[in-house]
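Trainee: I am new to this structure and would like to learn how to read it. Could we take a few features in turn, with the general idea before the case itself?

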Amino acid sequence: MNDQNLEVLRKERPAPVEQRDAESREAIVLLESAVRFLRHKEGSLKPTPKLPIDSTDHKYSALHTHSAVVTEDQDAEPGIAENNGPAISDQATPTAETASRASDSVISTIEQQIDDIFASQTIPEKNPLEGVL
Amino acid sequence: MAIKSAITMLSRYIGNQSHHEREARLYRDLMRHEARIGGTVFGEIPEGRRREFFCLDKHTWVWHEEWTDKNGQHKVLTTRYDIRPNGILKSQNGNHYQSVTLQEAERLLRAAQLYKQKIDQEIYNFA
């Protein structure tokens with residue numbers, strides 16, 4: 001195929017040119033989608049980092065929920081993964097935003113615990129250390 | 001009258017057939033040209049080696065290499081990548097299919113993107 005032929009093809013754009021262009025464009029989209037799926041799969045198979053807290057404690061359910069999303073996606077239907085590719089990838093790889101949401105939740109749980117402890121205690125009328133010092 | 005009509009129909013049929021043939025030939029020529037351009041996305045092709053990389057259809061990518069080894073033997077390796085929604089399968093020289101790793105898939109994607117960029121520039125002139 002010489003330059004002259006190519007020039008004619010560019011101007012006239014016959015059906016095979018349109019067909020090849022559309023096919024290669026669609027092929028890239030499908031390949032990107034398959035790679036996204038593999039990235040997600042690879043990401044979800046990585047061991048979850050151990051937290052310095054008792055993960056069986058129901059108080060940290062926010063973190064459990066986050067892990068559950070990732071685990072559930074592992075068995076997701078390929079079609080679903082294809083349609084929701086970017087969204088699923090975002091869930092699979094916790095971003096700074098999701099990590100921050102998780103830690104916000106832990107902090108608020110701890111704050112609530114502290115509030116509960118203080119609320120349950122009767123405040124002594126007199127400082128017990130008064131007079132000792 | 002009947003003979004005239006038959007001749008008209010026949011000439012139309014031949015005309016259509018040659019039109020389809022021309023289109024099919026152009027399609028094949030475009031693919032061959034793309035394959036040669038595709039072969040350059042992996043860097044310089046060593047002398048005496050033939051390398052082609054192209055999109056066969058929307059689900060299939062082909063990487064073809066031909067070279068002569070130290071013993072003077074002609075070698076051919078055709079790798080076919082089948083793109084599925086839940087992964088990528090690879091078959092070499094028509095042998096059984098195997099799943100590709102994420103690393104290989106990432107490389108294939110990068111090669112395909114460069115291929116598209118190059119064919120747009122050199123053939124379709126869209127870029």
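Trainee: Which residues touch the most other members of the largest nonpolar core?

Mentor: In soluble globular proteins, nonpolar side chains tend to be buried together. A nonpolar core is a set of buried Ala, Val, Leu, Ile, Met, Phe, Trp, Tyr and Cys residues joined through side-chain atoms within 4.5 Å, where buried means under 20% relative accessible area, exposed over 50%, and partly exposed in between (1.4 Å probe, protein chains only). Here the largest such core has 36 residues, and A:L31, B:W61, B:I83, B:I88, B:L108 and B:Y115 touch the most other members. Among the elements that give two or more residues to this core are helix 2 (15-45) of chain A and helix 1 (2-38) of chain B, while helix 2 of chain B gives the most, with 10 residues; helices (H or I, at least four residues) and strands (E, at least two) are DSSP runs, numbered from the N terminus.

This is a predicted model, in which local features need pLDDT of at least 70 and side-chain atom pairs count only at pLDDT 80 or more, whereas totals for chains, interfaces and linings use all residues. Residues are numbered from 1 along each chain as its sequence is written, chains are lettered from A and ligands numbered from 1 in the order in which they are written, and side-chain values use heavy atoms, with hydrogens and water left out.

Trainee: What does A:L31 touch?

Mentor: Contact means heavy atoms within 4.5 Å. Not counting residues up to four places away in sequence, A:L31 touches B:W61, B:I83, B:I88, B:L108, B:L109 and B:A112.

Trainee: How many residues of each chain are in contact?

Mentor: In this model, 38 residues of chain B are in contact with 29 residues of chain A. Buried area is the accessible area (1.4 Å probe) that two parts lose on being put together, summed over both, and for these chains about 3000 Å² is buried, 69% of it on carbon and sulfur atoms.

Trainee: How many salt bridges does the rule find across the interface?

Mentor: A salt bridge is a side-chain nitrogen of Lys or Arg within 4 Å of a carboxyl oxygen of Asp or Glu. The rule finds 4 of them across the interface of chain B and chain A, and the side chains of A:R39 and B:E106 meet in a salt bridge at 2.8 Å, N to O.

Trainee: Is B:E34 buried or exposed?

Mentor: B:E34, which lies in helix 1 of chain B, counts as buried because its relative accessible area is 0%. Among the residues that B:E34 touches are A:R20, B:F53 and B:Y115.
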